[in-house]
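Hi,

Here is the structure I promised to pass on. Could you take a look, and then read my notes on its charged side chains below?

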Amino acid sequence: MQESKTYQRQMERVARETTIENTLALLADQFQPETVSALTPALRKVNDLQKLKQVLRAAARVQNIEDFAQMLSE
């Protein structure tokens, strides 16, 4: 059965939001909440789900928040 375009868009939106929230949670465990909050708008501007998945994986390995911010802006 083929899924409707509306359903596909909805599923991608949910996946995007989940990835963003997981990234923020991971960063909040490692860095000051104020710093993470400052990056939230830039993270929410990323519309590409694949890029968000890369960002999530990078958040687990990043040594400092400045490196994460730089990677996010690329």
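A salt bridge here means a side-chain nitrogen of Lys or Arg within 4 Å of a carboxyl oxygen of Asp or Glu. Please keep in mind that this is a predicted model, where local features need pLDDT of at least 70, side-chain atom pairs count only at pLDDT 80 or more, and totals for chains, interfaces and linings use all residues. Residues are numbered from 1 along each chain as its sequence is written, and side-chain values use heavy atoms, with hydrogens and water left out.

The structure contains three salt bridges. In one of them Arg-44 pairs with Glu-21, their closest N and O atoms lying 2.5 Å apart. This pair links distant parts of the chain, with Arg-44 in helix 2 and Glu-21 in helix 1, 23 residues apart. (Helices are DSSP runs of H or I with at least four residues, numbered from the N terminus.)

Arg-44 also meets Glu-17 in a salt bridge, at 3.1 Å from N to O. Since Arg-44 belongs to helix 2 (residues 33–44) and Glu-17 to helix 1 (residues 5–30), the pair ties together parts that are 27 residues apart in sequence. Glu-17 in turn has a salt bridge with Arg-16, at 3.2 Å from N to O.

On accessibility, buried means under 20% relative accessible area, exposed over 50%, and partly exposed in between (1.4 Å probe, protein chains only). Arg-16 is buried at 13%, whereas Glu-17 is partly exposed at 25%. Arg-44 is partly exposed at 32%, and Glu-21 is partly exposed at 38%. Through shared partners, the salt bridges join Arg-16, Glu-17, Glu-21 and Arg-44 into one network.

Best wishes

How values were computed. Helix = DSSP H or I, 4+ residues; strand = E, 2+ residues; numbered from the N terminus.
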